[in-house]
Amino acid sequence: MTSAVDGRDGPGGGAERYWRGVFAGVDTLERVFPTRPPSGPVGAPGPRTSYGLTVGADRTALLTAAARRWGIGLDALVGGAWSAVLALWSGRADVIYGHAAAGAGAVPMRVRIDGGRAVSGWLRAIADQRRDASAHRGVEPDDIRRWIVGDNGDELFDSTVDFGTDDDLSAGPDGVVLHVGAEAGAALRLALRAAPEALSPDEAETVLACLDRALARLAVEQEPLVGDLIAAASGLVPLAATLGTHPGKPSDALMSAGTRDALLAGLCRGGETEAEEFVSVQEMFASVVRRWPDAVAVEAPDGELTFAALDARARSLAARLRAHGAGAETTVAVVCGRTGDLMTAVLGIWAAGAAFLLIDPDEPAPRTAEKFALAGVRLVVADAPHTGIAERLGPPVLPVTGDTSGEPAPAEPVPYPRPLPGQLAYAVFTSGSTGNPKGVLIDHRGLAEHIRTQLAPVYRRVSPDGTGLRVGGAAPVTFDSFIDQFLPTIALGHRLVLFDETQRRDPGSFLFRTPGTELDVVDCAPSQLSLLVEFGLLHTPVKLVVFGGEKPGQELWRALRASGVSTLSVYGATECSIGSVEADVHRDERVCLGRPAGSGTVYVLSPDRRLLAPGLTGEIYLGGPGVGRGYAGDPAHTARAFLPDPFAGVPGARMYRTGDLGRIAPDGRLVFLGRVDDQLKISGYRIEPAEIEAALDAVSGVRRSAVLPVRTVGADRLVGFVECAADFDAESARKELATRLPSYMVPKRLVPMDALPLTRNGKVDRKRLAELGDGSPAVGE
């Protein structure tokens, strides 16, 4: 950095207090332009490349007039435009850059992106900060950096807006510098200089395009809000839509009404509107049976079932269920192995007008009993091998297949009952942060919309004529992905290839199949998909790959892009009828969540639930007809997670709070950035560490615990860190956990500790635990 001018200030003096005050509470000092490994010798950044942008004389005159009107200099105006670019590029609402001018070194500038603020006041604050910073420069720049970031060698900022110094080192040896030059009455000339390790040529052009759009918006006479400026700079909202200065509703006040409407219409909503006429999944199945009665519907370890045979079995079970009181708003549990009986049970329950809850026969009985109580299970359907387990659970048990020898055959099939759109379709449980599982309730309206606007279009990509595809059914039955694997059979007429418990964990079940039995569709979590791709999945006759449930790696994304296989990434929540956002790997170059799918809506909101401009990081909320009812038996948690949707324009509309952090990137795609809380995704399972920790804390000898994922070879594994006495028996503890939790929630390793490490604030230091996870003595694996 350049050296300071002006006088000195002793340690702890006014300059130090000033700079510490300016940067108090900064969330992150991570680089806005992180560097990639250099192409040359290690430690030798490549030479900077210059990329030019000329702002015509007419627009420059308009910018000069705007600056004069708002009582600022052109330097503050360009600094504000650059701050908008940094916010778009980084996703942060609190950005830092250096401001350099002739005769003075670069001073750090901290700019908060307050979307609801008028640009004039925001720019004046930038100008005021610049003057105040200049008045407190009586120290070396390295002293300022040391006060803020310490002695670790990190830079306080990695980009500089330079007015007349022509100093490329003001942003550090590998930083980005924007040189600004202007003469009275002439064009504004900008030069972006960056090493290739910081910005590729394409990225540099994107940065300049954002800057150009920001300046274009500032040149327009109508003053924008800061949110309008960010939206205009993104290029995702037409500049004309941002010209209004009237703020929207209180829930939308981070931008003007015009910007808000354009953002909602162009980026937040899927391409479909909700169907005017509701068609239930039962009606879809009846249509499939009429069209392909003799086609194979289910191929399972115990044999095959045609659509006609599946239909007959389901109708028989439905009659017995109705005789036992099953009907609308009745929840019937299913305890079956992975055979044709499983699909018979699901369809039979729907044919009776009831809702299903799929149960893993091997999960601990206390957990199943808790689910039954929350979901209000009235009846249980079980296959022969699991009847004994089902009978111990309490409610009456009906066999999947009953004795129908004495029943007269109906002259013609009775039509399936047509449920109301708001009638319960199914319940599915996820991990809960309170230590108890959460039962999600989904109605027929959301289910039907998911099939119509998401599943059906995806399957038409590879089967335009509706010819039956062979769909792998390998997900755990308690996972909502399994529902997505059998719905194409029930609703669209494709064949479900159902794997048993051993087969679904064996890559060979997917890869090494006899000719004519190969899978056409594979749907799984990225961690499993990575293994399948490594072993040759993309060289089989597979036609469609669908993955979701956890964030994929860039290496997997690249491998899928390089293949000719149609591949889709699906993001959503169990609470919203499975999927809400889709990304096509052949369309989207980088890992992302994608765009809203079907008739769903996606919002990125501030902590006070106001709509954020594109580029800014916030919490992801999902809306549309797929939003479920809430959590079974838990009105308090339902009220916290399922909220009124102020953006839908539909009375009674609700949105679901995912707890995921994300932003709309400059290319218009939604990007996942982490979690608001500690929730995890392991091999596609949604896991709340608090639930596991509650179970661990109840184990004898455990004082307290912490559970987190630790990266092992190719995948994350759950590790439990246990504060305990020296005689703690970790193996016995894992066995005890297995009686309380499903197998996927039992930590693979337990690490005994005298005391859990704490942060300075007295909280468990999870970062330190993650570092300890690889080398500490442990029991497991």
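This is a predicted model: local features need pLDDT of at least 70, side-chain atom pairs count only at pLDDT 80 or more; totals for chains, interfaces and linings use all residues.
## The seven-stranded sheet

Seven strands make up an open sheet. Their order is β12-β11-β9-β10-β13-β14-β24, and the pairing is mixed. The edges are β12 and β24 (630-631). Each of these two has a single partner strand, so one side of each lacks a neighbour in the sheet.

Helix α12 (residues 365-375) lies across β9 (331-335), β10 (355-359), β11 and β13. It runs at about 165° to β10.

Helix α14 (residues 444-462) lies across β13 and β14 (438-443). Its angle to β14 is about 70°.

Leu379 sits in strand β11. Is it buried or exposed? Its relative accessible area is 4%, so Leu379 is buried. The cut-off for that label is under 20%.

Leaving aside residues up to four places away in sequence, Leu379 touches Leu321, His324, Ala326, Thr331, Val332, Ala333, Pro395, Pro396 and Leu398. Leu321 is 58 residues away in sequence. In space, the two C-alpha atoms are 8.3 Å apart.

## Nonpolar cores

The largest nonpolar core has 159 residues. Which of them have the most contacts inside it? They are Trp82, Leu192, Leu211, Leu321, Trp350, Phe356 and Phe486. Helix α3 (residues 74-90) supplies the largest share of this core, 10 residues.

With residues up to four places away in sequence left out, Leu321 touches Ala326, Val332, Gly348, Ile349, Ala352, Leu379, Val381 and Leu398. Another core, of 26 residues, lies apart from the largest one. Its members include Val533, Val542, Leu556 and Val591.

## Packing of α9 on α15

Helix α9 (residues 281-291) packs against helix α15 (residues 480-492). The angle is about 65°, and the axes are 6 Å apart. From α9 come Val281, Met284, Phe285 and Val288. They meet Leu487, Thr489, Ile490, Ala491 and Leu492 in α15.

## A buried loop proline

Pro419 lies in the loop between β12 (397-399) and β13 (424-430). Its relative accessibility is 3%, so Pro419 counts as buried.

Pro419 touches Phe278, Ser280, Gln282 and His444, not counting residues up to four places away in sequence. Gly353 is 66 residues from Pro419 in sequence. Their C-alpha atoms are 6.5 Å apart in space.

Strand β22 (residues 601-605) is mostly covered, with five of its five residues buried. Thr601, Tyr603 and Leu605 point one way from the strand. Val602 and Val604 point the other way. Residues on both faces are buried.

β22 pairs with strand β23 (residues 618-623). Five bridges join the two strands, which run antiparallel. Leu605 has Glu619 in β23 as its bridge partner.

Most residues other than glycine have a negative phi. Two residues here depart from that pattern. Ser577 has a positive phi of about 55° although it is not a glycine. Ile578 has a phi near 85°, again a positive value in a residue other than glycine.

Where do they sit? Ser577 is in the loop between β19 (566-571) and β20 (581-584). Ile578 is also in the loop between β19 and β20. Ser577 has a relative accessible area of 3%, so this serine is buried. Ile578 counts as buried because its relative accessibility is 10%.

## Cysteines

How many disulfides does the structure hold? It holds zero. Cys268 counts as buried because its relative accessibility is 2%. Cys336, at 3% relative accessibility, also counts as buried.

Conventions
Residues are numbered from 1 along each chain as its sequence is written. Side-chain values use heavy atoms; hydrogens and water are left out. Axes are lines fitted to C-alpha atoms, for helices over the stretch in contact, and angles run from 0 to 180 degrees between N-to-C directions. Helices (H or I, at least four residues) and strands (E, at least two) are DSSP runs, numbered from the N terminus. Contact means heavy atoms within 4.5 Å. Buried means under 20% relative accessible area, exposed over 50%, partly exposed in between (1.4 Å probe, protein chains only). Two strands pair if DSSP finds at least two bridges between them. A nonpolar core is a set of buried Ala, Val, Leu, Ile, Met, Phe, Trp, Tyr and Cys residues joined through side-chain atoms within 4.5 Å. A disulfide is a pair of cysteine sulfur atoms within 2.5 Å.
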